[in-house]
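Please keep the model in view while reading.

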Amino acid sequence: MIIKKINIMIFVGAIGVGLHAQAPLTLQEAIRRAWTDQAGLRAGQAMVEARQADTEAAGGLRWPTLSLNAQGIRTNEPMMAFGIKLNQARIGAADFNPLVLNHPDPIGAYGGSAVIQQALYSGGRISAARRAGAFLFEAEQASQGHRQQETARAVVEAYFGAQVAEQALTWVEDTRVWIQGMEDFVGARVKQGLVLESELQRLKAVHAQVEAQKAEVVRQLRTARSGLGLLTGTGPVQGTLGTPLEFREALAPAASSRRGDLAAADLQAKAAVEGAKAAQGGLLPSVGLELGAGTLHQSWSDKGNWTWASVGLSWKVFSAPDRAKAQAARAQAHAAQELSTFKQQQADHEARAAQEAVLAAQAKVAAAKEAILAAEESKRLREARHREGMTALTDVLDAEAALQGARNLLLQSLFDLRINQAALDLATGAPIEGVTP
């Protein structure tokens, strides 16, 4: 029996707590465990938190800055020595003696200052940077939501891939038992001289093929369970899988929302527009306010104090690098907007393709069920006729091969239906398997 290989897409890896092997693991529980225990998604959540911190930092640019400074000094450098005495408010007539000015004695001092700086106008750079940071934070949140949905789709594929392999293993074992029974029957007839030895050898060859198929199905099963454990943040899953491959009843249509990656692309485009505004603001003048107070001591009681207040304007009237940066930022904003449009078009295509795939899988499931009924009846009739000596062994083996093909088609069709439905949910923004965070 040929078992079609089920490809399992593995997106991320993790190490976490193990699933309870005693209780059946439902698909919904597997998805939720992946969302909470998978290190890849936890890393994505850390990125969201980092982006939030960046947003708060950008918002803090509009608030004043307070700087405190403390210092102690001892020097005989002429200008510094005179300035220290002046700041200590202890300059006398003797300090203007040229000999003292040129060769002062070493002098010590300690003191400090406090400075408040406040931007009054920055050409819109601060406000634009703050809005860009907020958009990027929301975009990262949306991207994390989409990563969760992508992981859920991968869990669906791995979960039902394991079930397909388990059912295939059951059917391979049934075929192996049937072949063994046929070998016993034909072997007895060979001993009676009613059947040629070649018939028995043919059955043994088929038996060997079935054993090889069984080994391949076991490999697929172990790979699928290992992949499921990787996605859910644990080792290979060993317990029973409780959610059936075939729908017991039609799932109620889930309410759709906008896809996370589309929302993220739109928000990133908005952030790029704000970034272009911030870069353009770099070409405009900036105005700032500074308030300060300082003190310098010779001793605790012998000191000088001063304050200052200033308003300053700074303007790079011409800066080729800044102009180039502004132009690049505008180009990036345009690129982000076009990318957002393309992603929407791509999502529409994915939704249409997934819908067609679901319809095709439903038709294949119905056809496979009918094919199994026909193949089982054909095998029953041919086997009965063979035992009466009215049909060749090859006809019986052909009937068994047809039954195996029909079973394989049913398994693959059920699998395709389930993962294509998950792909449709992912494409339209609906919760996969109805599971929401």
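E140 is buried, with a relative accessible area of 13%, where buried means under 20% relative accessible area, exposed over 50% and partly exposed in between, for a 1.4 Å probe and protein chains only. The model is predicted: local features need pLDDT of at least 70, side-chain atom pairs count only at pLDDT 80 or more, and totals for chains, interfaces and linings use all residues. Residues are numbered from 1 along each chain as its sequence is written, and side-chain values use heavy atoms, with hydrogens and water left out.

E140 lies in helix 5; helices here are DSSP runs of H or I with at least four residues, strands are runs of E with at least two, and both are numbered from the N terminus. Leaving aside neighbours within four places in sequence, E140 is in contact with M47, V48, R51 and R147, contact meaning heavy atoms within 4.5 Å. With R147, E140 forms a salt bridge in which the closest N and O atoms are 3.1 Å apart. A salt bridge is defined as a side-chain nitrogen of Lys or Arg within 4 Å of a carboxyl oxygen of Asp or Glu. R147, at 24% relative accessibility, counts as partly exposed.

Two packed helices are described by the angle between their axes and the distance between the axes. For helix 2 and helix 5 the angle is about 170 degrees and the axes are 8 Å apart; axes are lines fitted to C-alpha atoms, for helices over the stretch in contact, and angles run from 0 to 180 degrees between N-to-C directions. The two helices are therefore roughly antiparallel to each other, given that angles over 145 degrees count as roughly antiparallel, under 35 as roughly parallel, 65 to 115 as roughly perpendicular and the rest as oblique. Among the residues that meet are M47, V48 and R51 in helix 2, and F137, E140 and R147 in helix 5. The residues of this contact divide into eight nonpolar, ten polar and four charged. In this division Ala, Val, Leu, Ile, Met, Phe, Trp, Tyr, Cys and Pro count as nonpolar, Asp, Glu, Lys and Arg as charged, and the others, Gly among them, as polar.

Helix 5 (residues 125-191) also packs with helix 7 (residues 260-281), at an angle of about 165 degrees and with the axes 8 Å apart. That makes helix 5 roughly antiparallel to helix 7. The residues of this contact comprise twelve nonpolar, six polar and seven charged.

Helix 1 (residues 27-37) has buried residues including L27, I31 and W35. The buried residues of helix 1 pack against helix 2 (39-59), helix 5 and helix 6 (197-232).

Salt bridges number 22 in the structure. One of them joins the side chains of K364 and D416, at 3.3 Å from N to O. K364 lies in helix 8 (residues 320-387) and D416 in helix 9 (residues 393-428), so the pair ties together parts that are 52 residues apart in sequence. K364 is partly exposed, with a relative accessible area of 32%, while D416 is buried at 15%.

In another salt bridge, the side chains of E433 and R418 meet at 3.1 Å, N to O. Because E433 lies in the segment after helix 9 and R418 in helix 9, this pair ties together parts that are 15 residues apart in sequence. E433 is buried, with a relative accessible area of 10%, and R418 counts as buried at 5% relative accessibility. Salt bridges that share partners also join R131, E274 and K277 into one network.
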